[in-house]
Amino acid sequence: MTADPYLFAAYAATWIIHIAYLTTIVRRYARLKREIEELKK
Amino acid sequence: MSFEPRALALSKLVTRNPKLPMKIVFPILVILTGVLLSYAMYMALSPNGAPTEQTMGMVQRIFYYHVPSAWTAFLLFFINLGASVYYLIRRCPTADILALVTAEVGVVFCTVVLVTGPIWARPVWGIWWTWDMRLTSTLVLWLIYVSYLFLRRFSSSGQTPVLAAALAVLGALCVPFVYFSIWFFRTQHPQPVMGNGGSIDPRMLHVLLLNWLAFSCFAFLVCWSRFRLEKLQREVDEAHAMRSLLDEPASPRSAR
């Protein structure tokens with residue numbers, strides 16, 4: 001049972017990596033939306 | 001209302017509004033994938049799902065994230081190979097976008113493999129890392145696809161997609177080597193659980209495949225979002241280029 005922190009660390013690391021990547025996609029979408037708005041002007 | 005008229009009505013609705021699949025289907029798929037991922041995680045962590053391995057104990061449950069992540073990465077790299085080859089033959093921009101997207105998402109999954117592997121190795125082997133064939137070849141595979149992404153990001157030459165496609169073919173050749181390295185070399189890494197004489201408890205196999213399905217659905221959704229983003233980005237870049245051409249002051253020759 002001493003290995004449980006490793007299990008938690010592995011699962012947490014997996015989701016941190018995925019969420020970090022999803023965040024970059026959301027930010028790129030937001031930036032693109034701003035660019036489109038500027039182009040429309 | 002019978003099924004046929006309903007399907008017809010739906011198809012008419014979709015034809016009238018091409019953005020409808022994204023507006024309706026995508027959120028539904030996100031919810032379904034979220035439920036599937038949660039259920040798969042519960043099955044991976046709970047003794048009701050997969051039995052606890054006797055030698056390693058609870059830490060062995062990292063297996064249900066480590067292995068499906070690797071399989072998903074391999075799957076994405078193979079799609080990248082197909083798209084790259086198609087681009088090299090037909091010069092189809094959609095194939096180029098698909099290649100870029102699958103490489104990017106594949107690198108994310110490969111990163112998960114390279115992070116969860118050492119976290120699992122530390123309590124089991126007593127070391128974080130060893131330069132054995134499986135670990136080293138996985139790192140090399142990751143580096144090839146990271147260099148592919150750097151090439152796509154920082155090179156603005158017209159030949160970039162062709163060069164990237166050629167690099168992708170090279171990277172994909174590395175995938176079977178990574179997979180079969182534990183068959184042909186003596187490595188610290190465990191032998192395969194399936195094939196080559198490996199065996200696994202059916203309940204463990206069930207949870208493993210469930211997690212792979214969940215990760216594959218998640219990867220599909222991420223690829224879909226990233227694909228739309230890339231397509232939109234290229235359209236905006238084209239619009240910028242057109243605008244700068246139109247805004248450009250007339251040259252002396254054209255003024256005459």
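Predicted model: local features only at pLDDT ≥ 70, side-chain atom pairs only at ≥ 80, totals over all residues.

**Helix pairs and the chain contact**

I began inside chain B. Helix 5 of chain B and helix 6 of chain B run roughly antiparallel to each other. That follows from the crossing angle, because it is roughly 170° and angles over 145 degrees count as roughly antiparallel.

I then noted the spans. Helix 5 of chain B covers residues 133-154, and helix 6 of chain B covers residues 160-184. Their axes come within 9 Å. I looked up the handedness too: the crossing of helix 5 of chain B and helix 6 of chain B is left-handed. I sorted the residues of this contact by class and got 17 nonpolar, 5 polar and 2 charged.

Next I stepped back to chain B as a whole. What does chain B contain in helices and strands? I found 8 helices and 0 strands. Along the sequence, the pattern reads α-α-α-α-α-α-α-α. Chain B has 256 residues, and buried ones make up 31% of them. I also checked sequence separation in chain B. Of the contacts between residues at least 6 apart, 74% join residues at least 24 apart.

Then I turned to the contact between the chains. Chain B puts in 23 residues and chain A puts in 20 residues. Which elements of chain B give two or more residues to the side that touches chain A? I listed helix 4 (93-125) and helix 7 (202-247) of chain B. Helix 4 of chain B gives the most, with 9 residues. By class, that side of chain B divides into 14 nonpolar, 5 polar and 4 charged residues.

I followed helix 7 of chain B across to chain A. I logged the crossing of helix 1 of chain A past helix 7 of chain B as left-handed.

From helix 1 of chain A I noted several, including Ile25(A), Tyr29(A), Leu32(A) and Leu39(A). Facing them in helix 7 of chain B are residues including Leu229(B), Leu232(B), Val236(B) and Arg243(B). The contact of helix 1 of chain A with helix 7 of chain B divides into 9 nonpolar, 2 polar and 4 charged residues.

Terms used:
Residues numbered from 1 in each chain as written. Chains lettered and ligands numbered in written order. Contact = placed C-beta atoms within 7 Å. Helix = DSSP H or I, 4+ residues; strand = E, 2+ residues; numbered from the N terminus. Nonpolar A, V, L, I, M, F, W, Y, C, P; charged D, E, K, R; others polar. Left-handed = near helix turned anticlockwise from the far one by under 90°. Axes fitted to C-alpha atoms, helices over the stretch in contact; angles between N-to-C directions. Parallel < 35°, antiparallel > 145°, perpendicular 65-115°, else oblique. Buried ≥ 20, exposed ≤ 12 C-beta atoms within 10 Å, placed from the backbone.
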